[in-house]
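Biologist: I'd like to go through the charged pairs and the rings in this one. Can you put it up?

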Amino acid sequence: MQSHTRKLLTVVTEAALEGTLVRDIDRLHAHGYTITDARGKGSRGTRNAGWETSGNIRIEVVCDAATAKEIAAHFQEHYYDNYAMILFVSDVEVLRPEKF
């Protein structure tokens, strides 16, 4: 089994941003993403897990390093000041590199 290193960009943010962020991710050349509901507590208080606009979502994008960097920079520039959002990047090993 041969694996290949890619980046996992994880975004936890307000559900109200979902449509906008998905359009950004597509425009910035990611091949796909996964979105799940999220809940927790942070500097902006406790968020519930509902899918309505008051909830949080977790978006995961597996991609190459350049794409992860471009998406993260775009999100930081356009959303950090006005929305609850955290980003983190990790290395992951994938078995089908052509998909990412």
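**Salt bridges and rings**

Modeller: Glu60 is partly exposed, with a relative accessibility of 24%. Partly exposed sits between buried, under 20% relative accessible area, and exposed, over 50% (1.4 Å probe, protein chains only). This is a predicted model: local features need pLDDT of at least 70, side-chain atom pairs count only at pLDDT 80 or more, and totals for chains, interfaces and linings use all residues. Residues are numbered from 1 along each chain as its sequence is written, and side-chain values use heavy atoms, with hydrogens and water left out.

Biologist: Which side chain meets Glu60 in a salt bridge?

Modeller: Arg58, at 3.4 Å, N to O. A salt bridge is a side-chain nitrogen of Lys or Arg within 4 Å of a carboxyl oxygen of Asp or Glu.

Biologist: How many salt bridges does the structure hold?

Modeller: Three. One of them joins Asp91 and Lys7, with the closest N and O atoms 2.4 Å apart. Asp91 is in strand β6 (residues 85–94) and Lys7 in strand β1 (residues 4–14), so the pair ties together parts that are 84 residues apart in sequence. Strands are DSSP runs (E, at least two residues) and helices likewise (H or I, at least four), numbered from the N terminus.

Biologist: Is Asp91 buried or exposed?

Modeller: Exposed, at 51% relative accessible area.

Biologist: Now the rings. How are Phe75 and Tyr79 paired?

Modeller: Edge-to-face, 5.7 Å centre to centre, with 80° between the planes. Rings of Phe, Tyr and Trp (its six-membered ring) pair if their centres lie within 6.5 Å; planes under 30 degrees apart count as stacked, over 60 as edge-to-face and the rest as tilted. Both Phe75 and Tyr79 are buried.
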